[in-house]
Amino acid sequence: MIGTAREFPLRLMRRIHRTLSRTLPNVWQLNYLLALPKFWSGNKRLPRRIDDPRASLNDIIFQRMIRNEWSMLEQSCVDKEHAKVFAQAKAPHVKVARTEAVMVLGKATTIADVAAWLQPFLGKRLVVKPTHSCGAILYLDTPLDPAELAAFVRFSKKNFFHAARETQYQSLERKLIIEQNIAPAGGLSDYKFTCANGHILHGRLDVGRFTSQHQRALFTVPGFEIIPVEYGGLKMPAKIERPPHLYEMIEIAAQLSHGFDFVRIDLYDTDDGVYFGEFTFTPCAGSSSYSDEEVAIELARRLRKITASETRMPLQQRSAA
């Protein structure tokens, strides 16, 4: 009973936040206010200006996402269907999960509509997920629970922008994509590379995802040494194994990030080679904390230095780079 009483104010605040976010326009001042609770929960402070010497990488992510100054290419790369096409065009040797079907979600789309669309694909090594958000996936080679499907459809029909005011999601068409399940029996090795215009700031490896033993390590590139900092509140593993396709992943991440002033490139290392995951322009909406904020501040300094050097580069050199 006590736990329920404590949870009620939080549920009420979340409901009020969702209502306001669905109602208020996309302007940076309102985005700041509506994105602030999530940033505060992770960083335990107010966001700093980008030009503040003490600004961290999370501050840069926060300020970018509320300003809504995305290029058409960046917005296209947020769409999981289009991102795969662009990734293979830019880095032809990266693999992508095969697309089987795409369904546009309209206001009138029902759970029964989605169930009927999925029917021919059930029992196959495939997954279905929204193209316009993250955090939801169904595996089609296992029996679908009706309640799980209903929750999945409700989530997928929402505008992901309203969750944390990540403005790049606001105008995306809402779709479901069925694609090849590339995960082996032991699970995928998921590597994320934080990049700035072809330069890799660091890598990240998650161990034991979706289990109670989930651990996370940030690592140097190309040295593949653990950076001594906890990220997102998860413990660091004692050691990490160098992936078989490390240098290929580094090359792909550099290729795919070239032309973007900041992006995280998500890749999977499999026995079949390196698979593309997604482009992530505002990781965790800037809310994942670093146990040592000096690491995040140094990352922001490196990012600003890269951005400044690219800006000073003559146009001919930038075009050839």
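In this report, Ala, Val, Leu, Ile, Met, Phe, Trp, Tyr, Cys and Pro count as nonpolar, Asp, Glu, Lys and Arg as charged, and the others, Gly among them, as polar. The model is predicted, so please keep in mind that local features need pLDDT of at least 70 and side-chain atom pairs count only at pLDDT 80 or more, while totals for chains, interfaces and linings use all residues. Residues are numbered from 1 along each chain as its sequence is written, and side-chain values use heavy atoms, with hydrogens and water left out.

A cavity is a set of points, on a 1 Å grid over the protein atoms alone, where a 1.4 Å probe fits but cannot get out; a pocket is an open set with protein on both sides within 12 Å along at least five of seven lines, and lining residues have an atom within 4 Å of a point. Grid points are joined across faces, edges and corners, and a volume is the space filled by probe spheres set on the points. Helices (H or I, at least four residues) and strands (E, at least two) are DSSP runs, numbered from the N terminus.

The structure holds 1 cavity of 30 Å³ or more. Among the residues lining the largest cavity are Lys192, Arg204, Tyr231 and Tyr290. Helix H3 (57-67), S5 and S6 each supply at least two residues of that lining. The second largest pocket has 18 lining residues, and Arg14, His17, Arg18, His162 and Ala163 lie nearest its centre. Helix H1 (2-23) gives the most to this pocket's lining, with 6 residues. Here are the two spaces side by side:

| Space | Volume | Lining by class |
|---|---|---|
| Largest cavity | About 90 Å³ | 7 nonpolar, 2 polar, 3 charged |
| Second largest pocket | About 700 Å³ | 7 nonpolar, 4 polar, 7 charged |

Now to the sheet. Two strands pair if DSSP finds at least two bridges between them. An open sheet is formed by 5 strands in the order S7-S6-S5-S8-S9, with antiparallel pairing. Strand S7 (215-219) and S9 are at the edges with a single partner strand each, so one side of each has no neighbour in the sheet. On average, neighbouring strands are turned by 25° against each other, direction ignored; axes are lines fitted to C-alpha atoms, for helices over the stretch in contact, and angles run from 0 to 180 degrees between N-to-C directions.

Is strand S9 largely enclosed or left open by the rest of the structure? In S9 (residues 273-280), 6 of the 8 residues are buried, so the strand is largely enclosed. Buried means under 20% relative accessible area, exposed over 50%, and partly exposed in between (1.4 Å probe, protein chains only).

S9 pairs with strand S8 (residues 263-270) over 7 bridges in the antiparallel sense, and a hairpin of 2 residues joins S8 to S9. Across this pairing, Thr270 stands opposite Gly273, and Leu267 has Phe276 as its bridge partner. Helix H9 (residues 246-257) lies across strand S5 (189-196), strand S6 (199-207), S8 and S9, at about 150° to S8.

Tyr268 sits in strand S8. Not counting residues up to four places away in sequence, Tyr268 touches several residues, including Ile182, Leu188, Tyr275 and Phe276, where contact means heavy atoms within 4.5 Å.

Finally, Thr110 lies in the loop between strand S1 (99-104) and helix H6 (111-118). Thr110 is partly exposed, with a relative accessible area of 36%.
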